[in-house]
Amino acid sequence: MKIICIGRNYADHIAELNNEQPDAPVIFSKPDTAQMRLGDAFYYPDFSQDIHHEVEIVLKISKIGKNIEQKFAHKYYDEIGVGIDFTARDLQAKLKAKGLPWELAKAFDRSAPVSEFVPKTDFADLQNLNFHLDINGETRQSGNTSMMLFKMDYIISFVSQYFTLKKGDFIFTGTPKGVGPVKIGDRLTAYVEDRKMLEFDVK
Ligand code: MG
């Protein structure tokens, strides 16, 4: 399986990092080794002193597809979850300054904790979903999927022009504002609407 991620998909987050608003989706990927198993802890890596949380809605691809038309994109995902796109912000800043790819900062082991998935039919409107991340019981990030620059169906269509999507692939759909550092001892809890979906410790 593969993990495809969308960067800069919420205007309020673009502004907080002083990035330019993209005219096409910003895409990167993480290998399957980035997935963190449910119940595991996130171990703070030695190569960074500034690991940031980015809470994101995650789509799980339900069947193989290539060059998917936007109007049919909804047929390619049945379930959604919530995940953290962990980012070594210090490394990413160095790579960005040199115009280099982000993989070392974004795709390392356990950089993609993901919740269990739930049927998308549990929610009335996927493009009007509230989600948030608490750290030690305090809300640090909250967003609503209505604020996405590129909507879920468009993302599926766009990505599938370049990568064949396969059953079990994950798509991270971007983070709202409020990204910030985590530290050893923190407990992260992510919610979709009022449903607690993901909880783990940083060790
Ligand atoms: Mg992200």
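Predicted model: local features only at pLDDT ≥ 70, side-chain atom pairs only at ≥ 80, totals over all residues.
Author: Residues are numbered from 1 along each chain as its sequence is written, and side-chain values use heavy atoms, with hydrogens and water left out.

Reader: What makes Glu54, Glu56 and Asp85 donors of the magnesium ion?

Author: Donors are N, O and S atoms within 2.8 Å of the metal (3.2 Å for Na, K and Ca). Glu54 (OE), Glu56 (OE) and Asp85 (OD) coordinate the magnesium ion at 2.0 to 2.1 Å, so they meet the 2.8 Å limit. Along the chain, the donors follow the spacing E-x1-E-x28-D. Water is not among the atoms, so sites may look incomplete.

Reader: Why is Glu54 called buried?

Author: Buried means under 20% relative accessible area, exposed over 50%, and partly exposed in between, with a 1.4 Å probe and protein chains only. Glu54 has a relative accessible area of 4%, and is therefore buried by that definition. Glu56 is buried as well.

Reader: Which side chains make polar contacts with the side chain of Glu54?

Author: A polar contact is a pair of N or O atoms within 3.5 Å; within protein, one must be able to donate a hydrogen and the other to accept it, and residues adjacent in sequence count only if both atoms are side-chain atoms. The side chain of Glu54 has such a contact with that of Arg89 at 2.8 Å, and another with that of Lys106 at 3.2 Å. Both values are therefore within the 3.5 Å limit.

Reader: Which residues does Gln92 touch, and is Gln92 buried or exposed?

Author: Gln92 is found in helix H2 (residues 89-97); helices (H or I, at least four residues) and strands (E, at least two) are DSSP runs, numbered from the N terminus. With a relative accessible area of 4%, Gln92 is buried. Its side chain makes a polar contact of 2.9 Å with the side chain of Arg89. Contact means heavy atoms within 4.5 Å. Not counting residues up to four places away in sequence, Gln92 touches Thr87, Trp102, Ala105 and Lys106.

Reader: Why is the aromatic pair of Phe28 and Trp102 called tilted?

Author: Rings of Phe, Tyr and Trp (its six-membered ring) pair if their centres lie within 6.5 Å; planes under 30 degrees apart count as stacked, over 60 as edge-to-face and the rest as tilted. The structure holds nine aromatic pairs. For Phe28 and Trp102 the values are 5.5 Å centre to centre and 55° between the planes, so the pair is tilted. Phe28 lies in strand S2 and Trp102 in the loop between H2 and helix H3 (103-106), so the pair ties together parts that are 74 residues apart in sequence.

Reader: What makes the pair of Phe42 and Phe86 stacked?

Author: Phe42 and Phe86 are 4.0 Å centre to centre with 25° between the planes; the angle is under 30 degrees, so the pair counts as stacked. Both Phe42 and Phe86 are buried.

Reader: How do you know that helix H4 is mostly covered?

Author: Six of the eight residues of helix H4 (residues 152-159) are buried. These are Met152, Ile155, Ile156, Ser157, Phe158 and Val159. They pack against strand S1 (3-7), strand S2 (26-30), strand S5 (55-61), strand S6 (77-84) and strand S12 (170-172).
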